[in-house]
Amino acid sequence: MDLILFGPPGAGKGTQAKVLQDERGLIQLSTGDMLRAAVAQGTELGKKSKAIMDRGDLVPDDLVIGIIAERLEKPDCAKGVIFDGFPRTVAQAKALDVVLAGQGRKIDAVIELRVDDEAMVGRMESRVRENPAAARADDTPETLRKRLAVYRQNTEPLLDFYRGQGKLVTVDGMAPIAEVSAAIKRIIGGLGKPS
Ligand code: ADP
């Protein structure tokens, strides 16, 4: 089973992806984590990505699609993955469909964590104030705003793309973590059953 967790920065995609990884043995594929690892290791990809990420812009589609396509070939991905922070553009979504089709697989569902995104920025800002040591290089108030603007402009249009494919399901991302997990569990439980 291959799933996409969808939502603005701070919606809780990473948290829910980890729950699914632990409970269902799916592999969490976070392009943000992969890119940060590339930056930390000083790879070519990391060098190309660092400044872009620090200002809250999107890393070019071909680079991101490349790391995902390569990762999907690893045997551990065979039983299913949860995409977290990917795709972020319609071009990435189309490329993902092609890569998956090449492996005889497809996205089963796109789970939108619907949140009040302005409230999210406020929550992330206070988290950074309370624990600055844990903050990322792109967790400044300006960059958070920028990431949200980029989300609205480039990523939100994907909702229509996946709605058109009949794959979009929405859960209330403002609910407590355990309730969000339960809602996702119900969705997954219903996949493949006639509606
Ligand atoms: P968040 O969801 O909190 O914004 P991520 O960890 O998903 O953070 O991403 C951090 C940064 O990494 C993004 O602002 C962007 O620069 C880059 N990035 C991550 N995923 C992608 C992607 N799919 N396409 C382009 N850039 C990406």
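In this predicted model, the side chain of Arg36 places an N or O atom 2.9 Å from an oxygen atom of the ligand, a polar contact in the sense of a pair of N or O atoms within 3.5 Å. The ligand also has a nitrogen atom 2.8 Å from a polar side-chain atom of Thr31, and a nitrogen atom 3.1 Å from a polar backbone atom of Val59. Taken alone, the ligand exposes 550 Å², of which the protein buries 95% (accessible areas by the Shrake-Rupley method with a 1.4 Å probe).

Around the ligand stand 18 residues, the closest being Thr31, Arg36, Asp57, Gln92 and Arg147; a residue belongs here if one of its heavy atoms lies within 4 Å of the molecule. Helix 2 (residues 31–41) supplies the largest share of this shell, four residues. Helices here are DSSP runs (H or I, at least four residues), numbered from the N terminus. By class, the shell has seven nonpolar, four polar and seven charged residues, where Asp, Glu, Lys and Arg count as charged, Ala, Val, Leu, Ile, Met, Phe, Trp, Tyr, Cys and Pro as nonpolar, and the others, Gly among them, as polar.

Residues are numbered from 1 along each chain as its sequence is written. Local features need pLDDT of at least 70 and side-chain atom pairs pLDDT 80 or more, while totals for chains, interfaces and linings use all residues, and side-chain values use heavy atoms, with hydrogens and water left out.

Turning to charged pairs, the count comes to 15 salt bridges, each a side-chain nitrogen of Lys or Arg within 4 Å of a carboxyl oxygen of Asp or Glu. One of them joins Asp54 to Lys50, with the closest N and O atoms 2.5 Å apart. Both residues lie in helix 3 (residues 44–54), four residues apart, about one turn of the helix. Asp54 counts as partly exposed because its relative accessibility is 27%, between the limits for buried (under 20%) and exposed (over 50%), with a 1.4 Å probe and protein chains only.

A second pair, Asp160 and Arg163, meets at 2.6 Å, N to O, and sits three residues apart in helix 8 (residues 158–164). Asp160 is exposed because its relative accessibility is 53%, whereas Arg163, at 44%, is partly exposed. Salt bridges that share partners also join Arg136, Asp138, Asp139 and Arg147 into one network.

How values were computed:
A polar contact is a pair of N or O atoms within 3.5 Å; within protein, one must be able to donate a hydrogen and the other to accept it, and residues adjacent in sequence count only if both atoms are side-chain atoms. Helices (H or I, at least four residues) and strands (E, at least two) are DSSP runs, numbered from the N terminus.
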